[in-house]
Amino acid sequence: MGRRAKNKQDVPLPFELENKIEGKVTKKLNDRLKHEAIRAHKQREAALKQNKDSRRMQPPASPKDNERKRKRNTAPKPNKKITKPKVESEDEEEEDTPAAATILDEDAPVDGWDNAPIVSDSDGGIDSDSELESDEEAESADDNNADSSEEEFASAEDGSAAEAEIASVNEDSESDVSGSDSGSESETVTQKPLSLLSDESDEAESDDGIESYDEFDTDAEEDDDEAVTFRDMEKRSRKIDARRQMEAEMAELELETGEAVVEGERELFELPSEEQVELEKEAPLDLSQVQLRIQEIIRVLGNFAELRDETKSRNQYMSQLKRDMCYYYGYNEFLMDKLMDLFAVGEAIEFFEANEVARPVTIRTNTLKARRRDLAQSLINRGVNLDPIGKWTKVGLTIFDSQVPIGATPEYMAGHYMIQAASSFLPVVALAPQENEKVLDMSAAPGGKTTYCAALMKNTGMVVANDANREREKALVANVHRLGASNVVVCNYDGREFPKVMGGFDRVLLDAPCSGTGVISKDASVKVNKGPEDFIMLTRLQKELILSAIDSVNADSGTGGYIVYSTCSVTVDEDEAVVNYALRKRPNIKLVDTGLDFGRPGFTSFRGHSFHSSLALTRRFYPHTHNMDGFFVAKFQKLSNKVQVSEEQVVIPTGSGATTKQRKKKKGSHH
Amino acid sequence: MNYEQNLRRFEQTEKKPKLTNRLPIKTADGRLALPENSDEENDDISDSAHTDGESSVGGEQSAEEQHSTLEVDSDGDEDQEVSTRPSYTETKLEEQDDYVIEPDRSRMTRKQYIIAQQNRLAVIADAIMQDPDNGVKYLKTLHNISSDVDPRVKRLGLLTQLAVFCDILPEYRIRELTEKEQQAKVTKDVRQQRMHEEQLVHSYSNYLKQLFTASKQALKVFANPSADIETGIVAARALGNLINVRPLFNFRKDILSALVDIYTARLAVLRLFRDDVSGELSQNAVMLAAKRIKRLSYRVDPSALRPWLHLRLREELRENPEDRKRKDEEQRQREQPKRALHMSKKQAKMRKVQQDVDKSLVEAEAEVSREEREKWYGETLKQVFITYFRILKQKDNIGGLLPAVLEGLAKYAHLISVEFFVDLFQLLKKIMRGQHGVGIGAEESEHGEDLVSSRVGLRTALLCILSALHILTGQGEALNLDIKDFFYQLYALLPPLAARPQIEATQATWEETVRSESDLLFECLQLMFLGRTKVSSITRVAAFCKRIAECALCWPPKTAVRAIEFMHRLLIKYPALDRLLSSEEQAGCGLYLRDLDDPDMCNPFATCLFELHWLQIHYHAGVQAATARLLNFAKTEQKKHRL
Amino acid sequence: MRPLTDDETKVLFEKLAKYIARNIIHLIDRPDEPYCFRLQKDRVYYVSESNMRRATAIGRKNLVSLGICFGKFTKTGKFRLHITALQYLAQYAKYKVWIKPNGEMPFLYGNHVVKAHIGRVTEDIPEHQGVVIYNMADVPLGFGVSARSTVDMRKVDPTGIAVFHQADNGEYLREEDALF
């Protein structure tokens with residue numbers, strides 16, 4: 001991340017300057033040269049501006065910038081390293097620009113920049129904003145995410161670095177710390193085939209420049225002033241006044257409408273036509289462009305009535321947006337559709353952004369062997385930086401950074417804790433197994449939830465840990481032994497074979513195999529390898545499993561009769577739909593409160609499907625709202641062991657382990 | 001008889017009307033008074049005896065009062081009668097010479113006779129005391145009186161002699177005159193003094209012989225039932241007093257041996273030990289006692305060993321800081337090279353004079369030097385321990401002596417040399433478990449797994465543990481002795497102690513107050529857990545803490561308060577125990593094995609100290625207050641932790 | 001799953017007795033529930049009787065683990081204790097050895113314990129006796145066999161081996177496959 005940027009050599013000076021300069025090119029020198037370039041730019045710009053002045057007013061860019069900044073700040077933090085290469089590239093830019101107009105042409109992107117001139121300008125503008133914002137965000141991100149582990153960044157790093165490389169080549173519209181971008185941008189723009197956009201973008205850029213980095217702009221202006229003659233003075237001052245007035249009006253408008261109005265680009269955003277789309281599909285795109293486009297479309301969709309292009313339907317906007325997002329984030333279309341259906345557009349971005357970043361490492365204290373207090377103390381003594389996760393758990397700790405590998409401390413080896421995601425605590429907390437109960441964990445590997453159950457039960461009763469995958473069972477058994485859970489019996493069945501194998505459990509935990517859309521941050525391959533057939537298969541499996549789980553529970557158990565169904569996926573197909581199916585197929589169950597007081601309630605209706613109203617008792621968790629993996633938890637209570645399928649038929653689900661107590665007990669439901 | 005109506009009268013104030021045949025007489029005042037007469041025939045002599053007796057009542061009184069504390073109670077009545085005699089007149093000494101004459105026994109009743117003798121004794125005693133130099137001749141008379149047949153008279157005589165001797169004996173030892181000195185020409189005064197001394201010594205020895213015979217006879221009470229025990233007791237007490245009052249006088253060895261033979265004069269011996277500076281006497285006493293005990297095959301009363309607890313061994317053999325300072329100084333002086341300080345002649349002379357003066361000062365102060373003390377006390381210690389060990393090794397009939405021995409061990413254990421420790425430990429362990437007794441062979445001791453055996457008393461077990469701990473805290477730290485067994489034993493003792501209502505009972509005897517079991521228990525706990533070294537296993541501490549809390553519910557208030565305070569101190573010293581105070585964060589699995597007598601394995605962290613809540617509503621305010629303090633402390637501690 | 005035969009029980013108990021001597025009775029006769037030993041595929045599992053009875057419903061091929069695995073019988077009939085039994089050995093151990101902090105990591109890597117690393121020992125450990133090894137915070141780290149008796153240990157120089165390594169906690173990471 002930062003490492004790369006630091007070690008990076010400064011981009012060599014352009015050919016012309018290299019000859020002029022002898023000796024080492026230090027940063028100071030670079031800066032000086034940059035500054036000179038800025039000055040030259042400003043002069044040229046001033047000249048151009050005088051021409052443009054007559055034509056139109058300069059719309060202020062402040063509201064737009066503010067809006068963008070606001071939007072960006074709510075989204076999860078992007079990689080900070082995105083900025084640094086760009087900084088380098090900035091330098092590169094500045095060197096390039098004073099040389100000659102030709103070089104500016106060389107700045108033109110290798111890829112389809114010329115093919116989409118319209119977009120590029122505004123993209124440039126958007127990009128500049130985004131760069132601005134990303135810079136600022138990156139700074140704040142530095143503060144907050146100081147402790148993300150390296151590995152998680154590795155892959156993202158590659159991606160974004162590549163992104164950055166591409167972006168850097170394109171950057172001629174960077175408004176950077178140097179703040180001279182406005183000049184260069186406008187320069188570039190004017191060189192290109194003029195379009196309606198150019199003026200605006202150009203002004204927008206300059207406005208950007210003025211808005212964000214006033215000091216540099218004033219410098220630039222002062223420089224300009226020096227260069228400019230007295231004759232221009234008057235015009236300049238008029239221009240400034242006009243600008244200010246415009247800003248004031250825009251601000252008023254903004255207050256009224258409550259929405260950021262960007263006059264400059266309202267009508268100017270256009271969806272790419274079909275040919276453009278086709279072309280884009282083949283050739284690799286500029287990611288920053290894409291991002292800008294995404295931002296734009298979101299903005300348009302946010303205020304669709306006013307900002308839309310009359311010719312295009314909402315669907316077209318949406319589809320373009322989806323395409324862009326697939327490209328930008330790396331998802332396949334099917335999954336993108338599914339996920340986009342879940343969120344509002346703005347939130348979707350946050351969700352996707354959150355999936356790019358890893359969640360912090362969390363551990364769970366094994367209360368069979370240690371107390372959280374003592375464990376925290378001994379880990380701190382080893383140089384680990386940690387904190388309790390939150391008020392909702394008494395056994396969880398987040399690890400911010402560590403001098404020793406967390407998975408290899410003596411305390412780990414002694415079984416005092418287990419590395420477990422915070423979201424995995426939730427189903428067990430909801431299940432709340434009591435002492436001396438019989439609990440079934442249908443899909444137990446690698447054993448975090450099983451051992452948590454055993455710890456809550458204080459090694460009494462019995463926990464049956466089942467997993468269909470023999471290979472993963474090894475890890476399960478290892479964890480069970482390491483943590484000292486002596487009441488666990490591990491078996492290897494397909495979950496659907498319960499309750500034939502054994503039934504009459506007090507509680508059942510089903511952490512169903514799922515598509516994993518909630519843990520994309522851990523496993524990015526989910527983005528691409530899930531297709532509709534996967535979903536069909538998975539949902540069918542989940543439905544069968546949940547029925548088996550329900551049938552394995554003994555409703556007449558004194559303390560229990562609960563089933564918890566959870567998945568690490570956020571799609572409605574696997575969550576609410578399955579729960580609803582269970583409610584339909586087994587009238588002897590009902591949903592109860594999970595006992596988790598945070599998390600969003602599940603959907604009671606979705607895209608035309610309506611679910612049972614009690615679905616509101618289920619809970620959904622998202623990475624961008626709760627800082628844990630995407631998760632879904634539902635808790636059922638079984639009311640009676642008999643299922644009335646129809647009025648005549650009374651079906652008693654078979655369970656070889658059904659206790660005699662069950663049979664002897666009278667009909668009717670307790671609880 | 002109407003019980004209520006009849007007035008009851010004190011015996012004393014009852015004035016029997018005295019029938020008299022005589023006519024009333026006119027006293028010197030002019031008052032008419034009935035002549036008092038005794039109920040005896042011979043009025044004259046008795047009268048005269050009386051009137052004279054009155055005169056010396058004062059002297060007698062004082063003599064009597066001197067040994068009022070020692071008198072056997074049977075004497076009391078008559079003494080009182082005599083002493084309540086209303087008046088006495090002064091008489092001169094010369095008149096009393098008449099009463100050196102023996103009253104005629106045959107012509108008096110016993111009572112009269114006793115009184116007569118009393119008078120005589122009183123007179124003589126007075127005479128002697130007033131003029132010791134001349135009065136020594138009267139000692140013989142006393143002696144004769146004391147050899148009277150009548151036991152009471154004998155006792156009185158002995159007591160009088162005691163009083164007299166106590167007063168007239170000098171503090172120093174009168175040694176035999178050598179031949180040379182006898183022949184040397186001396187002044188009259190000196191010669192007279194020598195004579196006096198000789199006589200004194202002579203009579204003293206006679207007296208002592210009397211005492212010895214009396215006491216020895218008393219000892220033979222088993223063989224000879226008619227022997228005079230009381231006289232013997234009186235004689236013993238007299239001996240004791242003598243040794244206390246004049247420890248340095250002659251014959252003390254003999255006295256000591258006699259005393260030791262009797263060994264009933266505990267108080268005397270105690271005082272002796274306490275006041276003994278040089279240690280020589282203690283050593284003598286102890287050695288004699290040891291021999292005697294051995295002779296008797298240890299069938300002695302435990303109180304025989306009690307005095308040893310008062311030996312000044314602890315203080316004496318411990319290095320006094322002043323002594324050490326002195327030693328260091330001396331060493332330094334020796335090591336220092338003799339710097340030739342140039343002193344003028346005058347100064348040198350002065351210094352020499354000064355040194356001489358110092359030396360004589362030291363002599364004058366008669367300070368017993370450290371070495372001498374060490375020597376004597378070392379000997380004493382050796383004797384003491386030999387006895388203890390012999391007693392301990394006795395397998396039969398040690399029951400009574402054991403507590404005394406153990407207490408002694410507990411007190412002096414740190415003075416034993418290190419080699420004995422291991423053996424001693426083994427022995428203590430065996431005793432503790434009750435495996436050390438009659439008829440316990442090897443097989444039984446294997447099966448006797450029960451830690452708390454009914455054969456051994458709680459007190460004994462506690463004392464064993466205490467001795468072991470004292471040994472350890474002294475020098476035993478050098479050895480890595482594992483006192484795990486003692487921990488287990490104490491842990492196992494806690495429940496029976498909880499059920500023991502007399503836990504606070506202290507036996508207050510006239511010599512000392514024997515420590516109560518409560519005291520012993522807390523001393524053990526103190527040494528075990530609150531000593532300098534931290535106990536290795538926190539599980540053990542927790543187990544003890546839990547059990548003590550349980551027991552505190554059953555104990556009487558004082559012990560309960562001590563228990564709570566002990567727990568408070570434990571919590572301060574071992575902060576890891578706060579797991580016991582929180583019922584939520586329970587790490588670990590399994591149950592708390594309440595009945596298991598093994599502190600390491602009972603899994604105490606699976607439980608918490610819920611007894612504290614019951615103690616908060618205890619009927620005793622002190623217990624409530626102590627518990628409140630403890631809980632407050634716990635709360636503040638918990639607030640410190642944020643996790 | 002089947003119960004142990006008498007011979008197997010004997011071998012097992014002898015091995016356990018090396019470490020916990022007479023306290024084996026506490027393993028079986030627990031106050032909360034009786035526990036028992038069962039054999040499944042040469043591995044001995046320690047499990048409560050009620051759980052064991054319920055687990056009989058699980059087929060032989062499907063049963064992977066029951067309770068806590070103590071170790072396995074080798075082909076030659078000897079019994080090898082695994083690190084997973086440490087929890088119970090530590091609870092009832094007769095002879096304990098505490099090692100200093102600087103000696104913890106070498107032991108956890110699988111090396112023998114040298115005298116210099118020893119902090120404390122229980123008294124009178126005979127030679128070649130099973131000992132349980134703790135760190136100074138009383139956390140059990142593993143178990144081993146004493147090289148010499150306590151008395152002899154005083155004469156050995158500090159780099160001499162005090163306890164032979166048998167099993168340590170690091171095996172959970174190093175030898176995951178071998179254990180399960």
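Helices (H or I, at least four residues) and strands (E, at least two) are DSSP runs, numbered from the N terminus. This is a predicted model, in which local features need pLDDT of at least 70 and side-chain atom pairs count only at pLDDT 80 or more, while totals for chains, interfaces and linings use all residues. Residues are numbered from 1 along each chain as its sequence is written, chains are lettered from A and ligands numbered from 1 in the order in which they are written, and side-chain values use heavy atoms, leaving out hydrogens and water.

**View 1. Two cis peptide bonds in chain A.**
Start at A:Pro446, which sits in the loop between strand 5 (438-441) and helix 23 (448-456) of chain A. The peptide bond joining A:Ala445 to A:Pro446 is cis, with omega about 0°. Now move along to A:Pro499, in the loop between strand 7 (488-491) and strand 8 (507-511) of chain A. A cis peptide bond links A:Phe498 to A:Pro499 too, and here omega is about 5°.

**View 2. A:Asn459 and its positive phi.**
Look for A:Asn459 in the loop between helix 23 and strand 6 (462-466) of chain A. Although A:Asn459 is not a glycine, its phi is positive, at about 65°. Its relative accessibility is 7%, so A:Asn459 counts as buried (buried means under 20% relative accessible area, exposed over 50%, and partly exposed in between, with a 1.4 Å probe and protein chains only). In chain A, buried residues make up 58% of the 671 residues.

**View 3. C:Asp138 between two strands.**
The loop between strand 10 (130-135) and strand 11 (140-146) of chain C holds C:Asp138. C:Asp138 has a positive phi of about 65° without being a glycine. With a relative accessible area of 26%, C:Asp138 is partly exposed.

**View 4. C:Pro101 in helix 5 of chain C.**
C:Pro101 belongs to helix 5 (residues 101-108) of chain C. Its relative accessibility is 59%, so C:Pro101 counts as exposed. Find C:Ile118 as well: C:Pro101 and C:Ile118 are 17 residues apart in sequence, and their C-alpha atoms are 9.5 Å apart in space. Chain C as a whole has 8 helices and 12 strands, and 54% of its 180 residues are buried.

**View 5. Where chain C meets chain A.**
The contact (heavy atoms within 4.5 Å) takes 30 residues from chain C and 31 residues from chain A. Together the two chains bury about 2600 Å², 62% of it on carbon and sulfur atoms; buried area is the accessible area (1.4 Å probe) that two parts lose on being put together, summed over both. On the chain C side, look for C:Arg54, C:Val64 and C:Phe180, which lose the most area to chain A and together give 21% of what that side buries.

**View 6. A pair of helices in chain B.**
Helix 23 (residues 517-529) and helix 25 (residues 557-573) of chain B pack at an angle of about 0°, with their axes 11 Å apart. Helix 23 and helix 25 of chain B are therefore roughly parallel to each other (angles under 35 degrees count as roughly parallel, over 145 as roughly antiparallel, 65 to 115 as roughly perpendicular and the rest as oblique). Axes are lines fitted to C-alpha atoms, for helices over the stretch in contact, and angles run from 0 to 180 degrees between N-to-C directions. Residues making the contact include B:Phe522 and B:Leu525 of helix 23 of chain B, and B:Phe566 and B:Leu570 of helix 25 of chain B.
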